[in-house]
Every structure is written in C-alpha cells, then in structure tokens.
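Here are some friendly notes to read alongside the model.

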Amino acid sequence: PSFFFFFSEFVAINLCWCPTALLYNYLSYALLGAGGLLLYFALQKEKHNTLYFLLAGAVLGINVFVRFPNLSNMALIVVVWYMGIIRKEKLKNVLKQTGFCILGYLLGIGLILGMISIKYGAGEYINGILRLLSMPSEADDYSVLSMVIQQIRNYWQNIIWLGYLVGFMILGTLVYQILPTSWKWIKNMGYVAAVFCGFYFLWAKQMFNLEYNTYLSMFQWAVMLLTATLVVGLVVVCGKCFTQQEKLLAVLNVVIILITPLGSNNHLYLAINNLFLVVPFTTWMIVRFLKWMPQMRKLKKKNVSTYPLKAMLYCVLFMIIWQTTRFGLEFIFEESNGVNSIKLLDTKIENNDILKGMVMDAERAEMIEEISAYTTGQGLKGKELILYGEIPAMSYILEMPFAISAWPDMRSYNYEIMEKDLLAIEEAAGKGAREL
C-alpha cells in the first residue's frame, strides 16, 4: 500500500544522519540502489531482459569511482546466481546473465576511467588507488577484517538487547495465559504497560536515550531493523510459501545491508543511512506475519494467545518510528554533540557566498565570517590551500582548492605520502609553478 511505503521511507529518511552534501555517501547509496533495482527488474520474471543486466553492471561499475570501496557492490551478483538456483535454470543461462553483468560493469568502469585519463592521465588514478591500499598499516580499523568484526559486534550487541525483549515477552506471555480469559481488556492494557516498563528498563541500562541530538537515541532501534532484515531474509529464502519475487527482494536487501558498511570504520552507520529499499520490505513482511499469526493451527489447538507477540512487535515498531522521527527532527551533524554541548542555532551567515543564508551557532558563525573576510580581503580565492585540523569543508567554503588533500589529518592518509606531497608542493612553489 502507498501509505505504508510512505511511512517506511519516512523512517529511512529520518535515519539519514549524514549531511546530504557528502555526495560520496549519497551517490554511493543512489547508484547501489539503482543497480539493485535494475537487477530486480532483470530477474523478476523468468523471461529476462538483457538490457537490465547490462545497465545494472554499468551503474555498479560507475559507482567504483564515487568511492573505491564500492567494489564490494560486485557482491550483488550473488542475487543472479541465487535466482538461477531456485529457478533451476541451466548453467549456460546463468553464466550468460553473469557475463552481461560483467560486461556492463567493465563498460561503466571503462567510461569513467577513460574520462579521468583524458583529463588527468591514468597514472593519477592508479597512484590514488595505491595510496588507498597502503592505508591499513596506519589505520587498522579500515582493514576488511576489522570492518567485518565491527559489524558482527554491533549485531551481537543488538541481539543481546533483543534477548531482553524476548525475556520480557516470555514472562508477560506466561502471566497473560494464567490470568482468566474474561480479563481480556485488563490483560491487554496491562501487558502493553509492562512492555513500556521494559523499554524504561532498557533506557536505564543505556540501550538508548531521549537526547535526540545524539546517535545513541536511535542506533540500537535502527540496528533492530537491520537484524530484522537478516531474519526476514533467512525466513523468506528458506520458506516455501513465498513467491520468487519476495525471495529476490529478500536476498537483495540482505546483500545491500551487508556490503554498505564495507570501506568505512563507522560500524553500521552507513547501512543505517541506506535503508530506502530495506525498510519497506522488512516492515511489510513483519506486518504480514502479524496478520498470519492468528491463523496458526498449532496455537489455536493449544489455546495460546498470539497477543503478547503481536503487542511486543507493534510496540517495538512504535518505538522505532518515535525515536527515529525525533532524531530526524532534532539531530544536526556536527552541531549536535550531546545534550551538554548543544548550541542555539540562531546566527545567519552573510559574507560567505557558499554558506550565505545558512544558520548555525554564534561561535562557529563568527569564526567562518572572520576567515571569509580575511581570505576575501587578501584576494586568496582560487589559490591552493593546505588544510589540517578536521576541517575538510573549508576548501569548498573558502573557494580555495586543497593542495594535497581535503582531509589530510585522517588516519587513512599515509604520513609518508603526506610528507612527499608537502615536499613536492614546496619545491613547486619555490619554482613559481604553484601559488599557495
């Protein structure tokens, strides 16, 4: 239903903690989502459209140049193989589909690489990749193993919190079954009240907070959606009562949430920021399950009420919607550093062409106004700038191209390479070839 899809996307948008100006994140999500949808269109019917395979491959190939770790998008080929298995297609046909995906992928890579080579030379891109591959020696949390371990730890911690909820539900179900059936409304209202007492216990245990300018307010609730997606995916893949299209969507969503965090040391936050395809499918399957539960014959025969499980799931969905909505309304990246440091956003930028009209806290606005006035007064606009100190946006804000890197103090930037870059700039500046 359209209203259900709307509310699902509303939740996904509220979980977008990352500023929309960071295109290397949102372009990655957009192209990954487009590639996934194109694969869905290619595979939803047994009579395949070759063009969709080519386009899916091309889009994912282009995505490599948005962010190099997007190489992990190649894992979507698993979806093609999975559908070939459940449809019992001939190996020749599956290999043909794979071949078209690879061809499209190579065409996408070739197109962008050709454009880069014409403008900058192929060597520059290759050197950039070599620099990137040298990263883990300085930042071991960027290694593939570390990224996978981070995901596992986040999911495991979430499973522990879910274990508390399951414990509350089992205890509540026992009490619910013991009490007389004539107390239906009292039992129903009492059970819901008990569930929210359980949420209060989890709040006291610091599973989440009510300070919506912090990540903790939404993180575990959002990871519950990811955990639910994995569970739903497993059930749909193994179940016999689901259509091929549902199985296709299940595998597609599972692969998307598993590969999205790769290439970052930000735990599951990238996956949380990319739930546009995931939330509608996962929540719809949960709602379908809730509708189907009362029809379970085994529960009917044993006179076991399904109300405790249904109420728990609806209460959890309510908390997810409530916490994520409040987070989406109140959280501002970098302006929200916790309730003790939240600042009043009451000052408008006036003398900077890039940020003109933007509202921020007075201290930050004053600093930007001062440095903007200085660079304008000194005629520095357009000259190269060496940045350091967690200020990657200053190059864009001041309209001064960065000389070595927009964010050189990141641990992923090799110190030896940074030293070489600075020496090269010093040498070029000494010869008058570059002006800083």
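1. H9 and helix H10 (residues 244–259) pack at an angle of about 145°, their axes lying 9 Å apart. Axes here are lines fitted to C-alpha atoms, for helices over the stretch in contact, and angles run from 0 to 180 degrees between N-to-C directions. Helices are DSSP runs (H or I, at least four residues), numbered from the N terminus. H9 and H10 cross in a left-handed way, the term used if the near helix is turned anticlockwise from the far one by less than a right angle.

2. Before going further, please keep in mind that this is a predicted model, where local features need pLDDT of at least 70, side-chain atom pairs count only at pLDDT 80 or more, and totals for chains, interfaces and linings use all residues. Residues are numbered from 1 along each chain as its sequence is written, and side-chain values use heavy atoms, with hydrogens and water left out.

3. Which residues of H9 and H10 make the contact? H9 contributes Leu226, Thr229, Leu230, Gly233, Val236, Val237 and Cys238, while H10 brings Glu246, Lys247, Ala250, Val251, Asn253, Val254, Ile257 and Leu258; contact means heavy atoms within 4.5 Å. These residues divide into 10 nonpolar, 3 polar and 2 charged. Nonpolar covers Ala, Val, Leu, Ile, Met, Phe, Trp, Tyr, Cys and Pro, charged covers Asp, Glu, Lys and Arg, and the others, Gly among them, are polar.

4. H9 (residues 219–238) also meets helix H14 (residues 307–330): their axes come within 9 Å and cross at roughly 125°. H9 is therefore oblique to H14 (under 35 degrees is roughly parallel, over 145 roughly antiparallel, 65 to 115 roughly perpendicular and the rest oblique). Trp221, Met224 and Leu225 of H9 touch Val316, Met319, Ile320 and Gln323 of H14. This contact has 6 nonpolar residues, 1 polar and no charged.

5. Two backbone angles deserve a look, because most residues other than glycine have a negative phi. Lysine 88, in the loop between helix H4 (77–86) and helix H5 (91–119), has a positive phi of about 55°. Glutamine 206, in the loop between helix H8 (184–204) and H9, has a positive phi near 70°. Lysine 88 is exposed at 75% relative accessibility, and glutamine 206 is exposed at 59%; exposed means over 50% relative accessible area (1.4 Å probe, protein chains only).

6. How many disulfides are there? The count comes to 0, taking a disulfide as a pair of cysteine sulfur atoms within 2.5 Å. Cysteine 197 is exposed at 53%, and cysteine 238 is exposed at 56%.

Terms used: Helix = DSSP H or I, 4+ residues; strand = E, 2+ residues; numbered from the N terminus. Buried < 20%, exposed > 50% of the residue type's maximum accessible area, 1.4 Å probe, protein only.
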